[in-house]
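Thank you for making time this morning.

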Amino acid sequence: MFWFLLIAMVVVVAAVTLAVVGGDSEVLPEAAPERLVDPLPAARPVDRADIEALRLPVAARGYRMADVDDVLGRLGAELAERDARIAELETRLAGAAPEDEGEPR
């Protein structure tokens, strides 16, 4: 039994060595890194469905920092724009409310 296991182990080690060393000498081509295909629309504001559909490409140690920074920058700019618009509309509404209360119907 001992000799059988020893011969089997030698055969397995030899097969693995030949596969690794003696295999095709052709080197695998470099894989192109994944790039973010920006699904966020440029012609209209981003909505919830756009964010849910967003998939960031994975890199060796997580997500690509540049892609995450680009997406977060875009979302931050849109949120700032919406906040400014909301503040503008609230100011208009606050200024228009006293005038509407004094007018008879």
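Predicted model: local features only at pLDDT ≥ 70, side-chain atom pairs only at ≥ 80, totals over all residues.

Which side chain has a polar atom 2.8 Å from the backbone nitrogen of Val46? It is the side chain of Glu78, and the pair falls under what I call a polar contact, meaning N or O atoms within 3.5 Å, where within protein one must be able to donate a hydrogen and the other to accept it, and where residues adjacent in sequence count only if both atoms are side-chain atoms. Residues are numbered from 1 along each chain as its sequence is written, and side-chain values use heavy atoms, with hydrogens and water left out.

Glu78 sits in helix 3, residues 65-102, whereas Val46 belongs to the loop between helix 1 (2-21) and helix 2 (48-53); helices here are DSSP runs of H or I with at least four residues, numbered from the N terminus. The two residues are 32 apart in sequence, and their C-alpha atoms are 7.6 Å apart in space. Glu78 counts as buried because its relative accessibility is 15%, and Val46 counts as buried at 5%, where buried means under 20% relative accessible area, exposed over 50%, and partly exposed in between, with a 1.4 Å probe and protein chains only.

Leaving aside residues up to four places away in sequence, Glu78 touches Arg44, Pro45 and Val46, a contact being heavy atoms within 4.5 Å.

Let me turn to the salt bridges, each being a side-chain nitrogen of Lys or Arg within 4 Å of a carboxyl oxygen of Asp or Glu. The whole structure has eight of them. Arg44, which also touches Glu78, pairs with Asp47, their closest N and O atoms being 3.7 Å apart, and a network of salt bridges links Arg44, Asp47 and Asp50. Arg44 is partly exposed at 39%, as is Asp47 at 37%.

In helix 2, Glu52 and Arg48 are four residues apart, so about one helical turn separates them, and their side chains meet in a salt bridge at 2.7 Å, N to O. Glu52 is partly exposed at 44%, while Arg48 is exposed at 66%.

Technical notes. Helix = DSSP H or I, 4+ residues; strand = E, 2+ residues; numbered from the N terminus.
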